[in-house]
Amino acid sequence: MLAGCSTEPGPYTPQDTTKYTVENTEKFVLLDKPTQVSVTCTGLQERLLPDADSRVVANVKNREARRIQVQIQCVFKDEQRVSTGDETACRP
């Protein structure tokens with residue numbers, strides 16, 4: 001099992017060709033090296049809702065030839081890239 005919410009040094013950027021990438025993925029980071037090899041993001045969509053909430057959708061691709069499990073978490077940051085303290089729980 002790969003731990004996308006681990007505390008290892010990071011962040012690591014997703015590694016993939018542009019062949020499958022359809023949206024801006026520069027804000028998507030991986031927290032450990034094994035996950036960087038196994039998972040990539042092919043699309044990241046952000047939308048501000050009418051009630052001022054944000055919605056983020058990340059399309060995540062398994063780069064392995066086998067089934068893997070990862071956990072994904074969203075951390076919201078301000079203009080200075082500092083966490084606002086608003087985070088989602090890790091989800092499998």
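This is a predicted model: local features need pLDDT of at least 70, side-chain atom pairs count only at pLDDT 80 or more; totals for chains, interfaces and linings use all residues.
**The whole chain**

Read from the N terminus on, the elements run α-β-β-β-β. The chain has 92 residues, and 21% of them count as buried.

**The helix and threonine 35**

Select threonine 35, which lies in helix α1. Is threonine 35 buried or exposed? With a relative accessibility of 2%, threonine 35 is buried, because buried means under 20%. Threonine 35 and isoleucine 68 are 33 residues apart in sequence, and their C-alpha atoms are 9.9 Å apart in space.

Next, select residues 39-48, which form strand β1, and residues 54-62, which form strand β2. The two strands run antiparallel, and nine bridges join them. To look at one place in this pairing, show leucine 44 and, opposite it in β2, alanine 58.

Then move to the loop between β1 and β2, where alanine 52 is found. The hairpin has five residues between its strands. What is the phi of alanine 52? It is near 75°, a positive value in a residue other than glycine. Most residues other than glycine have a negative phi. Alanine 52 is exposed, since its relative accessible area is 59% and exposed means over 50%.

Select arginine 81, in the loop between β3 (75-77) and β4. Arginine 81 is not a glycine, yet its phi is positive, at about 65°. Its relative accessible area is 58%, so arginine 81 counts as exposed.

**Two salt bridges**

Turn on the side chains now. How many salt bridges are there? The count comes to two. Side chains of opposite charge can pair when their charged atoms come close.

For one of them, select glutamate 46 and lysine 27. Their side chains meet in a salt bridge, at 3.3 Å from N to O. Glutamate 46 lies in strand β1 and lysine 27 in the segment before α1 (33-38), so this pair ties together parts that are 19 residues apart in sequence. Glutamate 46 is partly exposed, at 48% relative accessibility. Lysine 27 is also partly exposed, with a relative accessible area of 46%.

For the other, select arginine 66 and glutamate 64. The side chains of this pair meet in a salt bridge at 3.9 Å, N to O. Arginine 66 has 48% relative accessibility and counts as partly exposed. Glutamate 64 has a relative accessible area of 26% and is partly exposed as well.

**A negative patch**

Switch to a surface view and color by charge. Which residues form the negative surface patch? They are Asp51, Asp53, Asp86 and Glu87. Pick out aspartate 86, which is found in strand β4 (residues 83-87). Aspartate 86 is partly exposed, because its relative accessible area of 46% falls between the limits of 20% and 50%.

Go back to the cartoon and select phenylalanine 76, in strand β3. At 21% relative accessibility, phenylalanine 76 counts as partly exposed. Phenylalanine 76 and valine 56 are 20 residues apart in sequence, while their C-alpha atoms are 9.8 Å apart.

**The segment after β4**

The last stop is threonine 88, in the segment after β4. Threonine 88 has a relative accessibility of 30% and counts as partly exposed. How far apart are the C-alpha atoms of threonine 88 and cysteine 74, and what separates the residues along the chain? The C-alpha atoms are separated by 5.3 Å, and the residues are 14 apart along the chain.

Conventions:
Residues are numbered from 1 along each chain as its sequence is written. Side-chain values use heavy atoms; hydrogens and water are left out. Patches are made of residues with over 30% relative accessible area and no salt bridge: like charges are joined within 9 Å, nonpolar side chains (Val, Leu, Ile, Met, Phe, Trp, Tyr) within 5 Å. Accessible areas come from the Shrake-Rupley method with a 1.4 Å probe; for residues, only the protein chains shown count as cover. A salt bridge is a side-chain nitrogen of Lys or Arg within 4 Å of a carboxyl oxygen of Asp or Glu. Lys and Arg count as positive and Asp and Glu as negative; His and the chain ends are not counted. The place of a charge is taken as NZ of Lys, CZ of Arg, CG of Asp or CD of Glu. Helices (H or I, at least four residues) and strands (E, at least two) are DSSP runs, numbered from the N terminus. Buried means under 20% relative accessible area, exposed over 50%, partly exposed in between (1.4 Å probe, protein chains only). Two strands pair if DSSP finds at least two bridges between them.
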